[in-house]
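Please consult the sequence and the structure shown here.

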Amino acid sequence: MCGIVGVVRFDGQPQERMILERMTDALAHRGPEGRGVHLVAERGISVGLGHARLKVVDLSEAAGQPMSSDDGATQVVFNGELYNFRELRASLEQRGCRFRTSSDTEVLLRCYEAEGERCVESLDGMFAFAVWDGRRRRLFLARDRVGKKPLFYVLTPALFAFASEIKALLRHPEITPEVHAEALPAFFLYGYVPSPETLYRGIRQLAPGHRLTVDAGGE
């Protein structure tokens with residue numbers, strides 16, 4: 001179990017590392033063995049990604065996250081496990097792809113580089129992940145079909161933010177908690193709020209098996 005967070009700003013304001021670190025720290029219980037934050041600022045858009053790490057497959061520091069592509073244009077944060085990462089790696093190596101770690105995170109990154117958003121169709125596992133694609137200037141998020149790994153998000157005119165848990169989103173000073181009164185009946189009836197809604201107005205959850213793309217214009 002790991003924790004992922006991220007913020008994309010559309011208003012030209014820079015990311016504050018302290019805010020990303022604060023959001024990532026809120027997920028320390030999900031990943032007590034490491035923490036990473038990566039900031040990108042280019043052409044009027046700024047991106048921040050954070051990861052709280054629980055080491056499972058590759059225990060080396062080279063497998064830490066956020067993980068960047070060789071040219072630095074693409075970054076990924078990943079929570080979960082790919083059951084078929086060895087088969088995917090072998091297939092990618094046959095196509096000329098070279099790896100620098102033995103992690104399933106890098107397999108995911110290379111799959112995205114090779115196949116784009118269609119890479120999700122090849123994945124067998126439990127996962128929630130986000131990829132910042134600097135070339136296309138967009139953020140891509142995906143969640144496993146069963147919904148084993150959670151992923152919540154907020155969209156405002158100024159920013160898009162996501163996290164493994166709502167409490168990490170609430171560490172951002174521009175996200176104000178407000179009870180979503182219309183969701184209360186469902187909570188009392190089922191004991192939970194069906195996706196994509198949550199108990200907080202404006203905070204939504206990515207439904208199992210779904211994908212979400214946010215471009216540089218906030219769409």
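## Burial and overall form

A residue is called buried when its relative accessible area is under 20%, exposed when that area is over 50%, and partly exposed in between. By this criterion, buried residues make up 52% of the 219 residues in the protein. The model is a predicted one.

The fold comprises 5 helices and 11 strands. Its radius of gyration is 17 Å, close to the 17 Å that the globule rule gives for 219 residues, so the protein is as compact as a globular protein of that length. The C-alpha trace spans about 55 × 40 × 30 Å along its principal axes. Among contacts with a separation of 6 or more, 58% are made by residues 24 or more positions apart.

## Surface and charge

## Cysteines

A disulfide is a covalent bond between the sulfur atoms of two cysteines. A search of the whole structure returns 0 disulfides. Cys2 takes part in none, since the nearest cysteine sulfur, that of Cys119, is 18 Å away. Cys2 counts as buried because its relative accessibility is 8%.

Cys111 is buried, with a relative accessible area of 1%.

## Backbone features in loops

Most residues other than glycine have a negative phi, and most peptide bonds are trans. Arg137 has a positive phi, near 55°, although the residue is not glycine. Arg137 is placed in the loop between strand 6 (125-133) and strand 7 (138-143). Its relative accessible area is 18%, so Arg137 is buried.

The peptide bond from Ser195 to Pro196 is cis, with omega near 10°. Pro196 belongs to the loop between helix 5 and strand 10 (203-205).

## The loop holding Ala181

Ala181 lies in the loop between helix 4 (166-169) and helix 5 (184-190). With a relative accessibility of 42%, Ala181 counts as partly exposed. How far is Ala181 from Arg204 in sequence and in space? The two residues are 23 positions apart in sequence, and their C-alpha atoms are 14 Å apart in space.

Key. Residues numbered from 1 in each chain as written. Predicted model: local features only at pLDDT ≥ 70, side-chain atom pairs only at ≥ 80, totals over all residues. Heavy atoms only, no water. Disulfide = S-S within 2.5 Å. Buried < 20%, exposed > 50% of the residue type's maximum accessible area, 1.4 Å probe, protein only. Helix = DSSP H or I, 4+ residues; strand = E, 2+ residues; numbered from the N terminus. Rg over C-alpha atoms; globule rule 2.2 N^0.38 Å. Contact = heavy atoms within 4.5 Å.
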